[in-house]
Number of protein chains: 2
Amino acid sequence: MQRLLAGRRDMRHFRRGERIAPETLQRLLQAAHHAPSVGMMQPWRYLRISDPARREAIAALVARERDATASAMGERAAEFLRLKVEGIRECAELLVAALPPDDGTVFGRRTMPREMVVCSLACSIQNLWLAARVENLGLGWVSMFEPQPLAELLAMPAGAMPLAILCLGPVEAFYPAPMLEIEGWRSRRPWQDAVYENAWGEPASPNSAASKA
Amino acid sequence: MQRLLAGRRDMRHFRRGERIAPETLQRLLQAAHHAPSVGMMQPWRYLRISDPARREAIAALVARERDATASAMGERAAEFLRLKVEGIRECAELLVAALPPDDGTVFGRRTMPREMVVCSLACSIQNLWLAARVENLGLGWVSMFEPQPLAELLAMPAGAMPLAILCLGPVEAFYPAPMLEIEGWRSRRPWQDAVYENAWGEPASPNSAASKA
């Protein structure tokens, strides 16, 4: 399990001209459906993009947001533009994951209604990601898009919102480390720095979980 | 993998008086840390609650929100109040998962800054959940709390926000199906109903992933 979790990668490079067997894709979508959800809302919808024109339109939306992101980057813009941020045209299957319109569930989300449906969809995507890794398929989560134009492109009803464009398919090789780390964009924090005890900022005490001793 | 994903449960019943070995808890926190995150922000913090008084205060916060939820439930209030919604006092380890203050990252979240950090934290929790299941430990995600008082109780800085109280520990048995399904609260949708093709509401075509044929 540790090996699976540590070997999962956010992929941007895919082998061109591949396809995924329908029964494999079904297994992955079932994995996504076996996610936890607040009040059992199951607030996830997956749109399989099989129409080439629609795939191309999605690639164009992402290209536009990539430019907008570069403009917002300031001094790291040039460095950013050297990074490959998606594999939309190359990947075997393209999926869009979205929240459906809110069904008004109160259970477990009276105080955080928005956050909790977002969490449920994210857990579902993480299931799909890990299940894909087991099948030796890469997945890349692209969040570089304006949600409203993408929602319109895919005829989503009011209140629905896409959170992820998912590139899925065979890859030449999984990156040995996160691509952003390999590219020198950002590095991993030690896991112990993310663990406190009883109060924010308090390092975990000796003999407890996160002791560095 | 399918068996692991299908066998993960949101647990509310734990064996009392148990503990988790420090090295096991470390493995689980490392699993959580091996999550994907937008722009490699790694926007997750885990607070281990080892202080009994603090655990009790968290239980009290959840009890208060349970009452508020029941009041908001309308005609299902009595049915709701029969459900066990947390195992805070019984579980071996209690963790609180929270977003840190925003670090201003633009990469991958110019258009959806809030959703994307929430997604990253949720993926991290799902990793922890699955890793716990592999170790035969139950986990229950409690979202029934007001975030602000919980943030204050744990001395979180402005901009930080708790999204989950995580009950973790040995259980007598994993529920054979989601507890809310067993209790008749809500049932599972067929996975095919969550899959569309090219446009919202369009059933996946024959020979494609979600064909029911």
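In this predicted model, chain A is divided into domain 1 (2-176) and domain 2 (183-213), the bounds being taken from an automatic or database domain assignment. The centres of domain 1 of chain A and domain 2 of chain A, taken over C-alpha atoms, are separated by 29 Å. Residues are numbered from 1 along each chain as its sequence is written, and chains are lettered from A and ligands numbered from 1 in the order in which they are written. The model being predicted, local features need pLDDT of at least 70 and side-chain atom pairs count only at pLDDT 80 or more, while totals for chains, interfaces and linings use all residues; side-chain values use heavy atoms, with hydrogens and water left out.

Chain B is superposed on chain A by a rotation of 180° with 0.0 Å of shift along the axis, at an RMSD of 0.0 Å. The two copies are thus related as by a two-fold rotation axis. The superposition is by least squares on the C-alpha atoms of residues with pLDDT of at least 70 in both copies.

Between the chains, 100 residues of chain B are in contact with 100 residues of chain A, contact meaning heavy atoms within 4.5 Å. The buried area is about 8,500 Å², of which carbon and sulfur atoms give 64%; this is the accessible area (1.4 Å probe) that two parts lose on being put together, summed over both. On the side of chain B, the residues losing the most area to chain A are B:Phe107, B:Asn198 and B:Trp200, together 11% of what that side buries. Because 100% of the interface residues of chain B are also interface residues in chain A, the copies meet through the same surface.

Within each chain, helix H2 packs against helix H5, as tabulated here.

| Helix pair | Residues | Axes | Angle |
|---|---|---|---|
| H2(A) and H5(A) | 22-33 and 113-134 | 7 Å apart | about 145° |
| H2(B) and H5(B) | 22-33 and 113-134 | within 7 Å | roughly 145° |

Helices (H or I, at least four residues) are DSSP runs, numbered from the N terminus. Axes are lines fitted to C-alpha atoms over the stretch in contact, and angles run from 0 to 180 degrees between N-to-C directions.

The crossing of H2(A) and H5(A) is right-handed. A:Leu28, A:Ala31 and A:Ala32 of H2(A) meet residues of H5(A) including A:Ser124, A:Asn127 and A:Leu128.

Conventions: Helix = DSSP H or I, 4+ residues; strand = E, 2+ residues; numbered from the N terminus. Left-handed = near helix turned anticlockwise from the far one by under 90°.
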